[in-house]
Amino acid sequence: NLHIKNATIWTSDNQGVIQNGDVVVTNGKFAAVGKGLDTPRGHLVIDGSGLHISPGIIDEHSHVAMTGGSNEATESNTAEVGTGDIVNPNDIYIYRTLAGGTTMAQILHGSANPIGGRAQVVKWRWGDSAENMKYEKAPGTIKFALGENVKQSNWGEDYVTRYPQTRLGVETYIRDQFESAKRYMTQMAAYEKLSRSEKARVAPPRKNYRLDTLVEILKSERFIHVHSYVQSEILALMRLAESMDFKINTYTHILEGYKVADEMAKHGASASTFADWWAYKYEVIDAIPQNMCIMQERGVVVSLNSDDRDLIRRLNQEAAKAMTYCGMSAEDALKMVTINPAKLLHLDDRT
């Protein structure tokens with residue numbers, strides 16, 4: 001139970017930055033934020049003069065605290081697997097991540113497959129159990145991927161047979177999987193409509209955990225976060241989704257987002273990008289440092305992600321690069337690692 005007084009408070013909401021403000025924390029939760037607040041009984045008073053208070057940082061794209069690797073790369077669709085099954089509470093980077101101010105993250109499957117595994121949102125808690133780190137109020141998410149990784153461009157000569165091997169194959173494969181999910185959904189719904197006596201005479205459709213996950217996407221019960229770089233693929237996946245009546249939630253990395261920002265805003269897709277990563281493979285050749293600002297100016301909700309166990313400790317500094325590269329305000333820059341990723345995870349009403 002704390003009452004911090006006279007600090008500069010970065011709220012990341014409509015209160016903006018509060019000078020000489022107060023924060024009251026009761027039973028581990030924020031109870032009040034404002035100016036001149038009364039001290040509740042039993043609260044420790046801390047003088048925050050000359051100090052700053054910011055929200056906990058949220059990382060949309062992390063691979064910290066995973067046991068046994070992040071890629072189930074054996075097939076092109078592995079939607080039946082989940083990173084929530086392999087959360088490792090003893091990873092020292094949980095401690096280091098908290099030390100850098102990052103308090104929540106989405107642990108994602110890797111980018112080896114067009115349709116990867118289910119993701120897990122966690123609240124970092126050093127010394128607690130894996131189950132207690134999982135944020136159960138977060139809606140379901142899943143990792144998709146496009147580009148060089150999924151068509152195995154850089155995997156070597158031993159990896160030239162798994163379908164798809166081309167960008168056009170990636171789009172076709174994803175479409176085919178959703179067509180299968182729609183047929184499966186129709187079959188399951190038809191079976192559920194049968195009477196008890198009718199069900200006794202026929203075998204139920206075989207349960208398919210992979211297609212169950214895709215059905216959740218079609219019902220807007222699970223949200224897609226897509227590893228992406230190239231504008232043609234970004235556009236193709238949005239058009240595919242629109243043709244099947246679902247939405248792409250977030251394009252992650254998306255270093256060519258500045259080229260298709262208007263289309264993303266119209267579709268309702270958000271972005272989680274790097275501040276200035278480029279030149280690490282050919283498909284990022286058109287990356288520019290103004291990418292995050294251009295997408296935001298065109299109406300896209302933009303966050304910054306780490307995808308790296310060290311960078312996750314410095315996301316506040318990554319956000320500050322937007323001030324250098326394109327004159328973004330400090331307040332808007334901070335939002336890219338606080339409230340904006342909360343929006344991407346559909347948690348902005350809670351954290």
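Which is the crossing of H3 and H6, left-handed or right-handed?

A: The crossing of H3 and H6 is right-handed. Bear in mind that this is a predicted model. Here is the geometry behind that crossing. Helix H3 covers residues 167-192 and helix H6 covers residues 231-243. Their axes come within 11 Å and cross at roughly 20 degrees. Angles under 35 degrees count as roughly parallel, and H3 and H6 are therefore roughly parallel to each other.

Now for the side chains. On the H3 side, the residues in the contact are Arg167, Glu171, Ile174 and Arg175. They meet Glu233, Ala236, Leu237, Leu240 and Ser243 of H6. Sorted by class, the contact of H3 with H6 has 4 nonpolar, 1 polar and 4 charged residues.

H3 has another packing partner, helix H5, which spans residues 209-218. Here the axes are 9 Å apart, and the angle is about 90 degrees. H3 and H5 are therefore roughly perpendicular to each other. From H3, this contact takes in Gln177, Phe178, Ser180, Ala181, Lys182, Tyr184 and Met185. H5 brings Leu211, Asp212, Leu214, Val215, Ile217 and Leu218.

The peptide bond joining tyrosine 163 and proline 164 is cis, with omega about 0 degrees.

On the H6 side, valine 230 sits in the loop between strand E11 (222-228) and H6. At 15% relative accessibility, valine 230 counts as buried. Setting aside neighbours within four places in sequence, valine 230 is in contact with Arg167, Glu256 and Glu283. Arg167 is also one of the H3 residues that meet H6. The C-alpha atom of valine 230 is separated by 7.7 Å from that of valine 284, although the two are 54 residues apart along the chain.

A couple of backbone torsions deserve a look too. Isoleucine 254 is not a glycine, yet its phi is positive, at about 35 degrees. You'll find isoleucine 254 in the loop between strand E12 (250-253) and helix H7 (261-267), and at 0% relative accessibility it counts as buried. Asparagine 27 also has a positive phi, near 55 degrees. Asparagine 27 lies in the loop between strand E2 (17-26) and strand E3 (29-34). With 67% relative accessibility, asparagine 27 counts as exposed.

Last stop, the sulfurs. The count comes to 1 disulfide, formed by cysteine 293 and cysteine 326 with their sulfur atoms 1.7 Å apart. The torsion about the S-S bond is about 50 degrees, so the disulfide is right-handed. Cysteine 293 lies in helix H8 (residues 291-297) and cysteine 326 in helix H9 (residues 315-326), so the pair ties together parts that are 33 residues apart in sequence. Cysteine 293 is buried at 4% relative accessibility, whereas cysteine 326 is partly exposed at 25%.

Definitions and conventions
Residues are numbered from 1 along each chain as its sequence is written. This is a predicted model: local features need pLDDT of at least 70, side-chain atom pairs count only at pLDDT 80 or more; totals for chains, interfaces and linings use all residues. Side-chain values use heavy atoms; hydrogens and water are left out. A disulfide is a pair of cysteine sulfur atoms within 2.5 Å. Helices (H or I, at least four residues) and strands (E, at least two) are DSSP runs, numbered from the N terminus. Buried means under 20% relative accessible area, exposed over 50%, partly exposed in between (1.4 Å probe, protein chains only). Axes are lines fitted to C-alpha atoms, for helices over the stretch in contact, and angles run from 0 to 180 degrees between N-to-C directions. Angles under 35 degrees count as roughly parallel, over 145 as roughly antiparallel, 65 to 115 as roughly perpendicular and the rest as oblique. A crossing is left-handed if the near helix is turned anticlockwise from the far one by less than a right angle, and right-handed if clockwise. Contact means heavy atoms within 4.5 Å. Ala, Val, Leu, Ile, Met, Phe, Trp, Tyr, Cys and Pro count as nonpolar, Asp, Glu, Lys and Arg as charged, and the others, Gly among them, as polar.
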